[in-house]
Amino acid sequence: MPRIFVSRALPKSTIDMLTNAFGDSAVAVYPKDQVIERHELLEGVRGIEALLPILTETIDVEVMEAAGPRLRIIANYAVGYNNINVAEATKRGIAVTNTPGVLTETTADLAWALILGASRRIGEGERYLRAGNWKSWAPQMLLAWDVYVKTLGIFGMGRIGQAVARRALGFGMRTIYHSRSQKDAALERELNAAYVDLKTLLAESDVLSLHCPLSAETRHAFGADQFRKMKRTAIFVNTTRGPVVDEAALAAALLSGEIAAAGLDVFEHEPKVHPELLKCENALLLPHMGSGTIQTRTRMAEIAATNIVEFLSGRRPPNCVNPEVLRA
Ligand code: DGY
(Lines give C-alpha, C1' and ligand atoms only; values in the text may rest on other atoms or scores of the structure.)
Protein backbone atom coordinates (compact mmCIF):
# COMPACT_ATOMS: atom_id res chain seq x y z
CA MET A 1 0.00 0.00 0.00
CA PRO A 2 1.45 3.41 -0.96
CA ARG A 3 1.56 6.28 1.51
CA ILE A 4 0.30 9.70 0.48
CA PHE A 5 0.64 12.99 2.37
CA VAL A 6 -1.68 15.94 1.70
CA SER A 7 -0.32 19.12 3.29
CA ARG A 8 -3.60 21.00 3.68
CA ALA A 9 -7.25 20.01 4.08
CA LEU A 10 -8.91 19.70 0.64
CA PRO A 11 -12.54 18.92 -0.31
CA LYS A 12 -13.70 15.54 0.99
CA SER A 13 -14.45 14.41 -2.58
CA THR A 14 -10.76 14.79 -3.38
CA ILE A 15 -9.54 12.87 -0.36
CA ASP A 16 -12.15 10.21 -1.22
CA MET A 17 -10.54 9.80 -4.66
CA LEU A 18 -7.29 8.89 -2.93
CA THR A 19 -8.77 6.66 -0.22
CA ASN A 20 -11.06 4.88 -2.71
CA ALA A 21 -8.03 4.03 -4.81
CA PHE A 22 -5.57 3.10 -2.07
CA GLY A 23 -7.48 2.66 1.22
CA ASP A 24 -8.12 4.93 4.20
CA SER A 25 -4.83 4.28 5.90
CA ALA A 26 -2.83 5.19 2.78
CA VAL A 27 -3.74 8.85 3.08
CA ALA A 28 -2.62 11.32 5.76
CA VAL A 29 -4.01 14.86 5.59
CA TYR A 30 -2.52 17.74 7.61
CA PRO A 31 -5.43 18.39 9.97
CA LYS A 32 -5.16 22.13 10.70
CA ASP A 33 -6.54 24.89 8.49
CA GLN A 34 -3.28 26.83 8.46
CA VAL A 35 0.03 26.72 6.64
CA ILE A 36 1.86 23.61 7.79
CA GLU A 37 4.94 24.32 9.92
CA ARG A 38 8.17 23.34 8.24
CA HIS A 39 9.01 20.71 10.90
CA GLU A 40 5.52 19.20 10.53
CA LEU A 41 6.00 18.98 6.77
CA LEU A 42 9.38 17.29 7.18
CA GLU A 43 7.78 14.87 9.63
CA GLY A 44 4.67 14.27 7.48
CA VAL A 45 6.55 13.34 4.33
CA ARG A 46 8.73 10.68 5.97
CA GLY A 47 8.56 7.45 3.98
CA ILE A 48 5.79 8.54 1.58
CA GLU A 49 5.38 7.69 -2.11
CA ALA A 50 3.24 10.70 -3.04
CA LEU A 51 3.02 14.28 -1.81
CA LEU A 52 0.17 16.68 -2.53
CA PRO A 53 1.41 20.14 -1.49
CA ILE A 54 -0.11 23.59 -1.96
CA LEU A 55 1.83 26.59 -3.20
CA THR A 56 2.71 27.87 0.28
CA GLU A 57 5.06 24.91 0.79
CA THR A 58 8.61 25.04 -0.47
CA ILE A 59 9.43 21.57 -1.73
CA ASP A 60 13.19 21.54 -1.88
CA VAL A 61 16.10 19.15 -1.35
CA GLU A 62 15.46 19.07 2.40
CA VAL A 63 11.86 17.89 1.92
CA MET A 64 12.87 15.29 -0.66
CA GLU A 65 15.61 14.05 1.66
CA ALA A 66 13.16 13.88 4.57
CA ALA A 67 10.71 11.90 2.42
CA GLY A 68 13.38 9.41 1.45
CA PRO A 69 13.89 7.28 -1.65
CA ARG A 70 10.29 6.02 -1.90
CA LEU A 71 8.96 9.46 -2.92
CA ARG A 72 7.88 9.16 -6.58
CA ILE A 73 5.40 11.95 -7.25
CA ILE A 74 4.77 15.53 -6.11
CA ALA A 75 1.34 16.64 -7.31
CA ASN A 76 1.16 20.39 -6.78
CA TYR A 77 -2.20 22.00 -6.07
CA ALA A 78 -1.52 24.94 -8.44
CA VAL A 79 -0.69 25.61 -12.04
CA GLY A 80 2.49 27.47 -11.03
CA TYR A 81 5.17 25.20 -9.58
CA ASN A 82 7.94 27.62 -8.64
CA ASN A 83 7.55 26.35 -5.04
CA ILE A 84 9.07 23.02 -6.13
CA ASN A 85 12.68 22.37 -7.04
CA VAL A 86 11.80 20.55 -10.26
CA ALA A 87 15.43 20.10 -11.34
CA GLU A 88 16.16 18.28 -8.07
CA ALA A 89 12.98 16.19 -8.39
CA THR A 90 13.95 15.22 -11.92
CA LYS A 91 17.44 14.24 -10.78
CA ARG A 92 15.82 11.93 -8.23
CA GLY A 93 13.32 10.52 -10.78
CA ILE A 94 10.35 12.11 -8.99
CA ALA A 95 7.44 13.17 -11.20
CA VAL A 96 6.08 16.70 -10.63
CA THR A 97 2.56 17.57 -11.75
CA ASN A 98 0.45 20.74 -11.76
CA THR A 99 -3.17 21.76 -12.44
CA PRO A 100 -3.21 23.60 -15.77
CA GLY A 101 -6.28 24.60 -17.77
CA VAL A 102 -8.97 24.65 -15.09
CA LEU A 103 -7.97 27.98 -13.64
CA THR A 104 -7.38 29.82 -16.92
CA GLU A 105 -10.76 31.53 -17.22
CA THR A 106 -11.13 32.13 -13.48
CA THR A 107 -7.75 33.83 -13.27
CA ALA A 108 -8.44 35.85 -16.43
CA ASP A 109 -11.67 37.07 -14.83
CA LEU A 110 -9.77 38.24 -11.77
CA ALA A 111 -7.13 39.93 -13.92
CA TRP A 112 -10.00 41.85 -15.51
CA ALA A 113 -11.46 42.69 -12.11
CA LEU A 114 -8.10 44.28 -11.30
CA ILE A 115 -7.81 45.99 -14.70
CA LEU A 116 -11.23 47.60 -14.26
CA GLY A 117 -10.85 48.12 -10.53
CA ALA A 118 -7.48 49.85 -10.77
CA SER A 119 -8.45 51.86 -13.88
CA ARG A 120 -11.70 53.10 -12.33
CA ARG A 121 -10.33 53.56 -8.78
CA ILE A 122 -12.84 51.11 -7.33
CA GLY A 123 -10.88 50.49 -4.11
CA GLU A 124 -10.39 54.22 -3.49
CA GLY A 125 -14.06 54.90 -4.22
CA GLU A 126 -15.23 52.31 -1.74
CA ARG A 127 -12.85 53.52 0.97
CA TYR A 128 -14.02 57.12 0.34
CA LEU A 129 -17.67 56.17 0.72
CA ARG A 130 -17.21 53.98 3.78
CA ALA A 131 -15.15 56.71 5.47
CA GLY A 132 -18.18 59.02 5.14
CA ASN A 133 -16.35 61.43 2.82
CA TRP A 134 -18.99 61.41 0.06
CA LYS A 135 -20.93 64.66 0.44
CA SER A 136 -22.35 65.03 -3.10
CA TRP A 137 -21.88 64.01 -6.70
CA ALA A 138 -19.03 66.18 -8.00
CA PRO A 139 -17.67 66.73 -11.50
CA GLN A 140 -14.06 66.21 -10.41
CA MET A 141 -14.55 63.46 -7.85
CA LEU A 142 -12.27 60.39 -8.17
CA LEU A 143 -11.69 60.85 -11.89
CA ALA A 144 -10.10 57.77 -13.41
CA TRP A 145 -8.96 56.28 -16.72
CA ASP A 146 -10.98 54.73 -19.54
CA VAL A 147 -10.31 51.17 -20.55
CA TYR A 148 -12.60 51.02 -23.56
CA VAL A 149 -10.74 51.14 -26.93
CA LYS A 150 -7.36 51.55 -25.24
CA THR A 151 -4.30 49.36 -25.77
CA LEU A 152 -3.90 46.26 -23.63
CA GLY A 153 -0.34 44.96 -23.19
CA ILE A 154 0.20 41.34 -22.21
CA PHE A 155 3.53 40.07 -20.93
CA GLY A 156 3.45 36.26 -21.33
CA MET A 157 0.91 35.06 -23.90
CA GLY A 158 0.21 31.57 -22.50
CA ARG A 159 -3.24 30.21 -21.72
CA ILE A 160 -4.14 32.90 -19.17
CA GLY A 161 -2.64 35.75 -21.22
CA GLN A 162 -4.75 34.63 -24.18
CA ALA A 163 -7.91 34.44 -22.06
CA VAL A 164 -7.27 37.99 -20.83
CA ALA A 165 -6.72 39.19 -24.42
CA ARG A 166 -9.95 37.47 -25.55
CA ARG A 167 -11.94 39.45 -22.97
CA ALA A 168 -10.36 42.68 -24.27
CA LEU A 169 -12.21 42.24 -27.57
CA GLY A 170 -15.41 43.08 -25.72
CA PHE A 171 -13.85 46.39 -24.68
CA GLY A 172 -12.87 47.27 -28.25
CA MET A 173 -9.21 47.14 -27.25
CA ARG A 174 -6.20 46.42 -29.38
CA THR A 175 -3.81 43.97 -27.75
CA ILE A 176 -0.04 43.99 -28.02
CA TYR A 177 2.01 41.27 -26.37
CA HIS A 178 5.53 40.18 -25.58
CA SER A 179 6.20 36.50 -24.96
CA ARG A 180 8.88 33.84 -25.28
CA SER A 181 7.58 33.13 -28.78
CA GLN A 182 5.27 34.77 -31.28
CA LYS A 183 1.87 33.07 -31.57
CA ASP A 184 0.55 31.86 -34.91
CA ALA A 185 -1.17 34.30 -37.23
CA ALA A 186 -4.63 32.77 -36.82
CA LEU A 187 -4.54 33.23 -33.04
CA GLU A 188 -3.19 36.78 -33.39
CA ARG A 189 -6.08 37.58 -35.76
CA GLU A 190 -8.64 36.00 -33.43
CA LEU A 191 -7.35 38.03 -30.48
CA ASN A 192 -6.62 41.21 -32.46
CA ALA A 193 -3.15 40.93 -30.95
CA ALA A 194 0.25 41.95 -32.29
CA TYR A 195 3.64 40.69 -31.13
CA VAL A 196 5.96 43.54 -30.10
CA ASP A 197 9.35 43.91 -28.46
CA LEU A 198 9.48 44.76 -24.75
CA LYS A 199 10.35 48.40 -25.42
CA THR A 200 7.16 48.86 -27.48
CA LEU A 201 5.08 46.95 -24.95
CA LEU A 202 6.21 49.32 -22.19
CA ALA A 203 5.81 52.46 -24.29
CA GLU A 204 2.41 51.74 -25.84
CA SER A 205 0.37 49.83 -23.23
CA ASP A 206 -2.42 51.71 -21.48
CA VAL A 207 -2.97 48.61 -19.37
CA LEU A 208 -0.08 46.19 -18.85
CA SER A 209 -0.97 42.78 -17.43
CA LEU A 210 1.60 40.11 -16.46
CA HIS A 211 0.98 36.45 -17.31
CA CYS A 212 4.45 34.90 -17.51
CA PRO A 213 5.57 32.10 -15.19
CA LEU A 214 8.17 32.94 -12.54
CA SER A 215 11.61 31.81 -13.68
CA ALA A 216 15.21 32.99 -13.45
CA GLU A 217 14.55 35.16 -16.53
CA THR A 218 11.36 36.76 -15.24
CA ARG A 219 12.40 37.38 -11.61
CA HIS A 220 12.27 41.16 -11.09
CA ALA A 221 11.68 41.60 -14.84
CA PHE A 222 9.66 44.72 -13.94
CA GLY A 223 11.62 47.32 -12.00
CA ALA A 224 12.50 51.01 -11.99
CA ASP A 225 13.82 50.95 -15.54
CA GLN A 226 10.62 49.39 -16.93
CA PHE A 227 8.23 51.66 -14.98
CA ARG A 228 10.17 54.71 -16.20
CA LYS A 229 9.47 53.65 -19.80
CA MET A 230 5.70 53.25 -19.30
CA LYS A 231 3.02 55.90 -19.85
CA ARG A 232 2.23 58.10 -16.86
CA THR A 233 -1.39 57.03 -17.36
CA ALA A 234 -0.56 53.31 -17.45
CA ILE A 235 -2.35 50.73 -15.29
CA PHE A 236 -0.11 47.85 -14.18
CA VAL A 237 -1.64 44.47 -13.23
CA ASN A 238 0.01 41.38 -11.77
CA THR A 239 -1.87 38.09 -11.24
CA THR A 240 1.05 35.72 -11.89
CA ARG A 241 3.77 35.64 -9.22
CA GLY A 242 4.98 38.46 -6.97
CA PRO A 243 8.73 38.10 -7.55
CA VAL A 244 8.30 39.04 -11.24
CA VAL A 245 8.04 42.61 -9.94
CA ASP A 246 10.47 44.69 -7.90
CA GLU A 247 7.87 45.88 -5.39
CA ALA A 248 9.94 48.74 -3.96
CA ALA A 249 10.36 50.13 -7.49
CA LEU A 250 6.65 49.67 -8.23
CA ALA A 251 5.65 51.49 -5.05
CA ALA A 252 8.05 54.33 -5.93
CA ALA A 253 6.53 54.57 -9.43
CA LEU A 254 2.99 54.64 -8.00
CA LEU A 255 3.80 57.20 -5.31
CA SER A 256 5.65 59.53 -7.71
CA GLY A 257 2.99 59.30 -10.43
CA GLU A 258 5.36 57.65 -12.89
CA ILE A 259 2.47 55.26 -13.60
CA ALA A 260 -1.18 55.82 -12.76
CA ALA A 261 -2.34 52.77 -10.81
CA ALA A 262 -1.76 49.08 -10.15
CA GLY A 263 -3.86 46.02 -9.45
CA LEU A 264 -1.98 43.26 -7.64
CA ASP A 265 -3.11 39.77 -6.60
CA VAL A 266 0.37 38.40 -5.86
CA PHE A 267 3.33 39.56 -3.79
CA GLU A 268 6.97 38.67 -3.41
CA HIS A 269 6.77 37.58 0.24
CA GLU A 270 3.15 36.47 0.66
CA PRO A 271 1.30 37.00 2.91
CA LYS A 272 3.52 40.03 3.66
CA VAL A 273 2.85 43.03 1.45
CA HIS A 274 5.66 45.53 0.89
CA PRO A 275 4.96 48.39 3.36
CA GLU A 276 5.48 51.00 0.63
CA LEU A 277 2.74 49.37 -1.49
CA LEU A 278 0.35 49.64 1.43
CA LYS A 279 0.91 53.42 1.33
CA CYS A 280 -0.25 53.61 -2.32
CA GLU A 281 -3.89 54.73 -2.57
CA ASN A 282 -3.61 53.99 -6.29
CA ALA A 283 -2.84 50.29 -5.73
CA LEU A 284 -5.72 47.82 -5.60
CA LEU A 285 -4.42 44.89 -3.53
CA LEU A 286 -5.87 41.39 -3.21
CA PRO A 287 -4.70 38.33 -1.21
CA HIS A 288 -3.82 35.93 -4.08
CA MET A 289 -7.40 35.12 -5.09
CA GLY A 290 -6.86 34.52 -8.83
CA SER A 291 -8.12 30.95 -8.93
CA GLY A 292 -10.42 31.36 -5.95
CA THR A 293 -13.83 30.18 -7.07
CA ILE A 294 -15.58 27.14 -5.61
CA GLN A 295 -15.64 25.32 -8.95
CA THR A 296 -12.02 26.02 -9.87
CA ARG A 297 -10.48 25.22 -6.49
CA THR A 298 -12.47 21.96 -6.43
CA ARG A 299 -11.28 21.06 -9.93
CA MET A 300 -7.68 21.89 -9.00
CA ALA A 301 -7.87 19.50 -6.04
CA GLU A 302 -9.40 16.78 -8.22
CA ILE A 303 -6.68 17.19 -10.83
CA ALA A 304 -3.91 16.95 -8.25
CA ALA A 305 -5.51 13.78 -6.84
CA THR A 306 -6.01 12.33 -10.33
CA ASN A 307 -2.32 12.78 -11.07
CA ILE A 308 -1.47 10.76 -7.96
CA VAL A 309 -4.07 8.05 -8.61
CA GLU A 310 -2.98 7.60 -12.23
CA PHE A 311 0.71 7.58 -11.45
CA LEU A 312 0.54 5.19 -8.49
CA SER A 313 -1.70 2.91 -10.57
CA GLY A 314 1.05 2.59 -13.15
CA ARG A 315 -0.40 5.02 -15.72
CA ARG A 316 0.89 8.35 -17.03
CA PRO A 317 -0.17 11.28 -14.83
CA PRO A 318 -1.97 13.68 -17.17
CA ASN A 319 -0.16 16.85 -16.06
CA CYS A 320 3.50 15.98 -15.61
CA VAL A 321 5.84 18.98 -15.97
CA ASN A 322 9.00 16.86 -16.07
CA PRO A 323 7.87 14.00 -18.38
CA GLU A 324 11.49 12.91 -18.84
CA VAL A 325 11.16 10.98 -15.54
CA LEU A 326 8.30 8.87 -16.91
CA ARG A 327 9.32 5.68 -18.61
CA ALA A 328 7.78 5.27 -22.09
C1 DGY B 1 -1.70 28.82 -9.30
O2 DGY B 1 -2.36 27.77 -9.41
O3 DGY B 1 -0.52 28.89 -9.64
C4 DGY B 1 -2.40 30.01 -8.76
O5 DGY B 1 -1.54 31.05 -8.47
C6 DGY B 1 -3.25 29.67 -7.55
O7 DGY B 1 -4.18 30.70 -7.44
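Close-up 1. Arg 228 is exposed, with a relative accessible area of 52%, where exposed means over 50%, buried under 20% and partly exposed in between, for a 1.4 Å probe and protein chains only. Asp 225 is partly exposed at 36%. The two form a salt bridge whose closest N and O atoms are 3.4 Å apart; a salt bridge is a side-chain nitrogen of Lys or Arg within 4 Å of a carboxyl oxygen of Asp or Glu. Both residues lie in helix H10 (residues 224-228), three residues apart, about one turn of the helix. Helices (H or I, at least four residues) and strands (E, at least two) are DSSP runs, numbered from the N terminus. This is a predicted model, in which local features need pLDDT of at least 70 and side-chain atom pairs count only at pLDDT 80 or more, while totals for chains, interfaces and linings use all residues. Residues are numbered from 1 along each chain as its sequence is written, and side-chain values use heavy atoms, with hydrogens and water left out.

**Close-up 2. The salt bridge of Glu 65 with Arg 92.** The structure holds 23 salt bridges. In the one between Glu 65 and Arg 92, the closest N and O atoms are 2.8 Å apart. The pair links distant parts of the chain, 27 residues apart: Glu 65 is in helix H3 (residues 61-67), and Arg 92 is in the loop between helix H4 (86-91) and strand E5 (95-97). Arg 92 counts as partly exposed, at 33% relative accessibility.

**Close-up 3. Arg 166 and Glu 190 between two helices.** The side chains of Arg 166 and Glu 190 meet in a salt bridge with an N to O distance of 3.0 Å. Arg 166 belongs to helix H7 (residues 159-168) and Glu 190 to helix H8 (residues 185-191), so the pair ties together parts that are 24 residues apart in sequence. Arg 166 is partly exposed at 34%, and Glu 190 is partly exposed at 45%.
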